[in-house]
Amino acid sequence: GFRVEQGTEPMGTNSRHATAVLTPNSAACPSTVAIGGARIGPKQRVYTIAEAGVNHNGNLDAALRLVGAALSAGADAVKFQAFRAVDLVTADAATAGYQRSATGSTSQREMLRRLELSHDGFAALQRRCRASGIEFLCTPFSVGDLRMLLDLGVRAIKIASTDLNNTLLLNEAAGAKVPLILSTGASEGDQVERTVRRLTDWGCGDRLVLLHLRQLLLSRQSDR
């Protein structure tokens, strides 16, 4: 088990940059988890993930610049999101008020479609990260997205807190034999416990990292 000092889990457009900081909780987790060349666990240094999310607005050049920004900031990893709008939302799903204000779009699917990156785009990001010495991470929102990332050779998988009840995705991720970083911000405590038990039963207990994130951009100063 690990705790996060502060972070956000954006899904949408024009979200602010965020950083997740993994800090070991030695009482809950006596072992370490390896992500690339880094080890996360008791007496290990803090592992910092820069949240790029969809702040590239669907533009690969902007996404590549985010890799550089994360590297310049001293992050260990930079994380993106992989999804297909047609698989994620219904055709008649409306945007939220803040999304309409930012994009002018009334369609959730159309807004998200503009934020997609292609397989080739993610491959380019993976190559840039490897060449730059920063870990490439990505959150898949479907089994297809997960398989695409695994084909690219990612060394860890991030699961969104909205997918703790997505048994198909969790089962596929558990079978990947790579570390799983599990967000919890949009889930209740009992749901988190059930998911941890399930993943432990599936053999993931020694490669599971939990993030405790607030679903708020950005958190109040009093909560930091």
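Buried means under 20% relative accessible area, exposed over 50%, and partly exposed anything in between, using a 1.4 Å probe and protein chains only. Everything here comes from a predicted model, where local features need pLDDT of at least 70, side-chain atom pairs count only at pLDDT 80 or more, and totals for chains, interfaces and linings use all residues. Residues are numbered from 1 along each chain as its sequence is written, and side-chain values use heavy atoms, with hydrogens and water left out.

**View 1. The whole chain, to get your bearings.** The protein chain has eight helices and 10 strands. Those elements are DSSP runs numbered from the N terminus: helices are H or I with at least four residues, strands are E with at least two. Of the chain's 224 residues, 49% count as buried. Take the contacts (heavy atoms within 4.5 Å) between residues at least 6 apart in sequence: 65% of them join residues at least 24 apart.

**View 2. Two lysines with a positive phi.** Most residues other than glycine have a negative phi. Lys177 isn't a glycine, yet its phi is positive, at about 65°. You'll find Lys177 in the loop between helix H7 (167-174) and strand E9 (180-183), and at 61% relative accessibility Lys177 counts as exposed. Lys43 is also a non-glycine with a positive phi, of about 70°. Lys43 sits in the loop between strand E4 (38-40) and strand E5 (47-53), and Lys43 is exposed too, with a relative accessible area of 88%.

**View 3. Helix H6 and what it packs against.** Helix H6 covers residues 143-152, and its buried residues are Asp145, Leu146, Met148, Leu149 and Leu152. Look down the axis of H6 and these buried residues fall within an arc of 160°, so they line one face of the helix. That arc is taken from the directions from the helix axis to the C-beta atoms. The partners packing against the buried residues of H6 are strand E6 (77-82), helix H5 (119-132), strand E7 (135-140), strand E8 (157-159) and H7. Just after H6 comes Gly153, with a positive phi of about 90°.

**View 4. An open sheet of three strands.** The strand order here is E8-E9-E10, with parallel pairing. E8 and strand E10 (208-211) stand at the edges with a single partner strand each, so one side of each has no neighbour in the sheet. From one strand to the next, the twist averages 20°; axes for such angles are lines fitted to C-alpha atoms (for helices, over the stretch in contact), and angles run from 0 to 180 degrees between N-to-C directions. Strands count as paired if DSSP finds at least two bridges between them, and four bridges join the parallel strands E9 and E10. Zoom in on Leu182 and you'll see its bridge partner in E10, Leu210.

**View 5. Asn55 and a backbone oxygen.** Asn55 lies in the loop between E5 and helix H1 (60-72). At 16% relative accessibility, Asn55 counts as buried. A polar atom of the Asn55 side chain lies 2.8 Å from the backbone oxygen of Ala52.

**View 6. Cysteines without disulfides.** A disulfide is a covalent bond between the sulfur atoms of two cysteines; here the test is a pair of cysteine sulfur atoms within 2.5 Å. How many disulfides does a search of the whole structure find? The search finds zero. Cys129 is buried, at 0% relative accessibility, and Cys204 is buried with a relative accessible area of 0%.

Technical notes:
A polar contact is a pair of N or O atoms within 3.5 Å; within protein, one must be able to donate a hydrogen and the other to accept it, and residues adjacent in sequence count only if both atoms are side-chain atoms.
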